[in-house]
Amino acid sequence: MPTYEVKSIATVVGGHTRVQDDYQGGVESIIRLDEAYPLETLQGFEQFSHLTVTWRFHLAAPEDVQLHARSPRGNPNWPATGTFVHRNHRRPNQLAVSYPRLLKVEGRDLVVTDLDAVDGTPVIDLAPYFEQMGPQGPIRQPAWPGEMLEPNYWAKASERPSERSL
């Protein structure tokens, strides 16, 4: 199998300080472009409301990869699904794609909200979100992703119950 060397182009600064399954909403963070890239590579971003951000689960370890079917979040009420059906760090390349809302551009900093990556995360690629390049036609999915994510994934981080009350 071919391998590819990929270098990060930016780093997440601030925002979430630890990995969490839920309560990802309402947190501002910065995507800071590496100084190796000229500022003009960001020219025009301020015209877009959302970004497409490809990032690496940098806190994951290679031994976290699980190449077998398993129930999402270990919940036996949800069907066992294959490695590539999960959207987490247990996939072989440990990459993620997120669509945060862009609040402003300040020099090398793209200030965003609703980015589900943590402080220090390496950003592999960055692009504006084009509505026309999103899914075409009706979206089909089983019930379990909605059951798993809908109640709390994008709930405000400030609404997360304290660890003592869990």
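Of the 166 residues in the protein chain, 34% are buried, meaning under 20% relative accessible area, with exposed set at over 50% and partly exposed in between (1.4 Å probe, protein chains only). This is a predicted model, in which local features need pLDDT of at least 70, side-chain atom pairs count only at pLDDT 80 or more, and totals for chains, interfaces and linings use all residues. Residues are numbered from 1 along each chain as its sequence is written, and side-chain values use heavy atoms, leaving out hydrogens and water.

Now the fold. The protein chain has seven strands and one helix, in the order β-β-β-β-β-β-β-α along the sequence. Helices (H or I, at least four residues) and strands (E, at least two) are DSSP runs, numbered from the N terminus. Of the contacts (heavy atoms within 4.5 Å) between residues at least 6 apart in sequence, 75% join residues at least 24 apart.

On dimensions, the C-alpha atoms fill a box of roughly 50 × 45 × 35 Å along the principal axes.

Last, the surface. The protein chain has about 11,100 Å² of accessible surface, 51% of it belonging to carbon and sulfur atoms, by the Shrake-Rupley method with a 1.4 Å probe; for residues, only the protein chains shown count as cover. Tyr99 lies in the loop between β4 (95-98) and β5 (101-106), and counts as partly exposed because its relative accessibility is 46%.
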